[in-house]
Amino acid sequence: MKTFIKTALFTILLTNSVNSIMAQQRAESTARQPIVIHSQQLIVVVPESRDQLMAYSMTTNTWRRIPISVKADQKILPTVSTTLAACQLGQSIYAYSSVADKWAVLKLPEESHARYEVGNDRVNAVTKTDSINQFYIFGLNTGAWSGVDLNNGKILEVNPQNQKQLD
């Protein structure tokens, strides 16, 4: 009986170890693979080169791209809704509107913690520190970011240079 238990434990440990190694190999090979995500109105592509985000609008029948710079091991996880896409890379949130057919990037303060969500007509982003409490919105129709300081109600200027169409 003890031999059976030892053999069973060894088999379980060996199986878990092999599965772990295989999962790690899949994750490493996936990091070098292109990413394609689609919804009803758009397709988002991260090419194998990982140097840009691309989006195809079914409304305008066009491809748009925006250059990105990521570390070799950094994950790129785009999120899509029916008509919008967003992706946070470090302290930048990239957003795309299939209606406006535009990419725009929101650069956030280095010390802030940000989170975003993608809806059907907007991308919302909140960034917070001990002294910063800001809310940003990327509109479906405008394809641009706008923001407000939640501490004092000031409208935040979002660098329009980062919002120009790059394609």
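1. Start with Ser 97: its bridge partner in E8 is Lys 102. Strand E7 covers residues 92–97 and strand E8 covers residues 102–107, and they pair in the antiparallel sense over six bridges. (Strands here are DSSP runs of E, at least two residues, and helices are runs of H or I, at least four, numbered from the N terminus; two strands pair if DSSP finds at least two bridges between them.)

2. Keep in mind that this is a predicted model, where local features need pLDDT of at least 70, side-chain atom pairs count only at pLDDT 80 or more, and totals for chains, interfaces and linings use all residues. Residues are numbered from 1 along each chain as its sequence is written, and side-chain values use heavy atoms, with hydrogens and water left out.

3. Back to the hairpin: E7 and E8 have four residues between them. Have a look at Asp 101 in that turn, with its positive phi of about 55°.

4. Now the rings. Searching the whole structure turns up three aromatic pairs. One of them is Tyr 56 with Trp 63, a tilted pair at 5.3 Å centre to centre and 50° between the planes. (Rings of Phe, Tyr and Trp, the latter by its six-membered ring, pair if their centres lie within 6.5 Å; planes under 30 degrees apart are stacked, over 60 edge-to-face, the rest tilted.)

5. Are these two residues buried or exposed? Tyr 56 counts as buried at 18% relative accessibility, while Trp 63 is partly exposed at 40%. (Buried is under 20% relative accessible area, exposed over 50%, partly exposed in between, with a 1.4 Å probe and protein chains only.)

6. Phe 138 and Trp 145 are tilted too, because their planes sit at 55°, with ring centres 5.5 Å apart. Phe 138 is buried at 0%, and Trp 145 is buried at 5%.
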